[in-house]
Amino acid sequence: MKHYPRTTIVFIFMVIAVITLMKTGNAYNNMLSLHYNSPAKEWVQALPIGNGHLGGMIFGGIDDEDIQINVKSLWSGGPQESDRPDAWKSLPQIEGLIEQGKYNQADSLAQQTMTCVGGGSWSGASATKPYGCYQTLGDIRLSFPASSDSYDYERFLDLSTAIAGVHYRIGDASYSREAFCSYPDHVLVYHLACNLSRHISLTVRMNRPEAYATRTSGNDTLIMSGHLDNGQGGEGMGYEARLLVKSHGGKVIASDQSIQVSNANSVTLILAANTDYQPNPPTFKGFPYLSVTKKQIDKAAQKTYSQLKKNHLKDYQSLFSRVSLNLGKTDAIYQSTDKRIRDFANSDDPALIALYFQFGRYLLISSSRPGDLPANLQGVWANQIQTPWNGDYHTDINIQMNYWESETTNLSECSMPLFELLRMLVKPGQHTAWDYFHCKGWTLNTITNPWGYTSPGESIGWGLFPMGGPWVCREIWEHYAFNGDKKFLLRYYPILKGSARFCLDYLVKDPVTGKLISGPGISPENAFSYDHGKTASLSMGASVNQEITWDIFTHFLKAAKALNDMSGFVHKIAMARKTLLIPRIGPDGRLMEWIHDFGETDIHHRHLSHLYAVYPSDEFTPELTPKLCQAAKKSLIVRGDGGTGWSMAWKISLWARFHNGDHAYRMVRNLVSESTLPDMFDTCPPFQIDGNFGGAAGIAEMLLQSQNGVIDLLPALPKAWSSGEFSGLRARGGAIVSVAWNHGIIIQATIKATLSGSKIILPPPGQSLSSIKCGGRNVVWKKTDDSQIKFRADRGKTYLLKFRPEI
């Protein structure tokens, strides 16, 4: 065996290291990238891009590339009359049956009289029915000449730039592709380049599974258009997609339904797409989609790829770069993302958790921007005609969870589509409130869509949940609590007030306690057992309904005070809140889900509705209501650590509110290892995006809380995150918070009040709290003990700042 000098061996290893670094390059050393070693073989391996209006899934194929595309408003179905005008007349009989303990009979009567007219959601499969379904726009298909073996393949999604791409080599040619959706330019962009000239040739097509026609316009544009089924035997929503093919060098030839590019230096594809939908009842039509789509393409065509990319980066990074999170890293970062997910159950990969958190923020920016519909059950990404559960908006947890992260992770603007959807739903919701419950105000039940559907669903077991409206309305107050924008509050105050009005009228006096209870209603999607094995869904005073009522009343009263509303109605709400029945603790020490100690049909049920008061609400806290909080904790323990993706995400925040960081961390691990697809989408199953959003919100909740006038630093820090740092998270009162810690001890924290301009910087350990540096003349702080100070975060309100020096 030949022996080499030590210096030679060192040199060889250095060369190998440099070559490895060059090959793994951009993504492998980027803590904010998803990266893969092969093209996607199925949709849940493709990588998402979006701008809130358009969405794309990038497969990264070498010989054949598929870019599956979406436009947010592309829905089949249409407006319909689905309320039963006289449904309310059965309420006295239903309530009487419930009072007599005849729950089965109450369910049966309600099924006949309190469901929707027609088939409702058709069990989540209404692509050809009036309710409709969110659908794929189709696919952009790229075919390349047959090639020899490729090598150095890498597929990536860079969260810091919102650019997905592919790198690979064939012989001496190095190919690269980049794709992004631009919010400022309203287009999807896909750019192909090569280091060698005249090396790019491809054929471009665009289609969808049904209801389309594709044609060319000139030599460089494909146009796909059509109308969807309105579910009532007529022509539904109209749409158009225009795809511009810009070639630098080479030759471009158009046929009837495709465009062929030969021997180009680079090629840029630009897609614009719109529908005739506009959120104005009763027709929901009228948007000039044809002229707008052409205008968007024409304007984008005048810009170079570099200009389009620059505009995109400036816009996107102004949102994404507000927050950073570092929980440490291991050698796992050098593995592909799909392998890291597969290995996570048996490995230590804190950087994957930080990546998951930032991926949740990325998805919200990409699927919910002002001027469009809110993120649906799949955000903006769907590849089917019949999307699971119609890809609609569920209001018994799902759409709310979509926006739990928006305020805490500093993406307030992304909530605006949700508020505008609520504005559109008020008028039909007024009819539903009156027709079914004989209540003033407005509400909606478990499901809704862009067509203004507010009726109950087709089954009372899951579909009769009129507290869906009040639950979504809590996001109005949350937005104000974090931002202090009185113009915003004034604009949406009528919606909040109308929801409080409904809840007030929905209350009746409990004949046993004399307290006010809501009903009849359900605990979402759950059922109880009684009388030796009988099961039912409807009851009076279900805990979640009481808790949501308390919440909407509390937020309305705070809003009224902020806006100086001293009307008699405000007094009525205040008096009613004092008389509400508070959920009870059962004989086994658990928080009761229903007003009576019913049996449970599924002790591990995915919904945790009766724990609403712990999170997302703050009615129950360890400090203010310790007995109720302890009972809620026992309920959560019995529910277990499994469930759907969104259920495990909810449990992260619940355990964080209990200040149990290690258990919250266990739920993070379960969510990532048990409910995460190769492209990091959450699976319910199937894919549902709420788990991604809820997971990101839960991680933020472990690091920072700010309910009940307290800014709590690292309230649920697990031992596994002994050192780390974050910056840019938001607290109620307008504070932006950054914290660094080492071995479980805070070494520095900065709290900046965006409303007053004040700032506090906590010193390293060993220095007195009296040495806290205060910038801004409006700062007011006061030492209370070794782990608390008072801090004026907004105009006139003092927040108590807490931090736990050790975990």
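Leaving aside its neighbours within four places in sequence, which residues is R474 in contact with? The first legend gives the answer.

This is a predicted model, in which local features need pLDDT of at least 70 and side-chain atom pairs count only at pLDDT 80 or more, while totals for chains, interfaces and linings use all residues. Residues are numbered from 1 along each chain as its sequence is written, and side-chain values use heavy atoms, with hydrogens and water left out.

View 1. R474 lies in helix α12 (residues 468–483); helices (H or I, at least four residues) and strands (E, at least two) are DSSP runs, numbered from the N terminus. Neighbours within four places in sequence aside, R474 is in contact (heavy atoms within 4.5 Å) with D551, H555, Y612, P616 and S617. R474 counts as buried because its relative accessibility is 4%; buried means under 20% relative accessible area, exposed over 50%, and partly exposed in between (1.4 Å probe, protein chains only). The side chains of R474 and Y612 make a polar contact at 3.4 Å. A polar contact is a pair of N or O atoms within 3.5 Å; within protein, one must be able to donate a hydrogen and the other to accept it, and residues adjacent in sequence count only if both atoms are side-chain atoms.

**View 2. W650 in the largest nonpolar core.** A nonpolar core is a set of buried Ala, Val, Leu, Ile, Met, Phe, Trp, Tyr and Cys residues joined through side-chain atoms within 4.5 Å. The largest has 229 residues, and W650 is among those with the most contacts inside it, along with Y362, F553, L703 and F726. Helix α7 (residues 350–367) gives the most to this core, with eleven residues. Beyond neighbours within four places in sequence, the contacts of W650 include W404, W471 and Y612.

**View 3. Strand β4 and its partners.** Seven of the eight residues of β4 (residues 64–71) are buried, so this strand is largely enclosed by the rest of the structure. Two strands pair if DSSP finds at least two bridges between them. β4 pairs in the antiparallel sense with β3 (residues 54–58) over five bridges, and with β5 (residues 138–143) in the antiparallel sense over six bridges. N70 in β4 is the bridge partner of G55, and R141 in β5 is that of D66. Five residues separate β3 and β4 in their hairpin, and G60 in the turn has a positive phi of about 80 degrees.

**View 4. Helix α15.** F569, V570, I573 and A576 are buried in α15. On the other side of this helix, H571 and K578 are exposed. What covers the buried residues includes α13 (486–505), β21 (516–518) and α14 (543–562).
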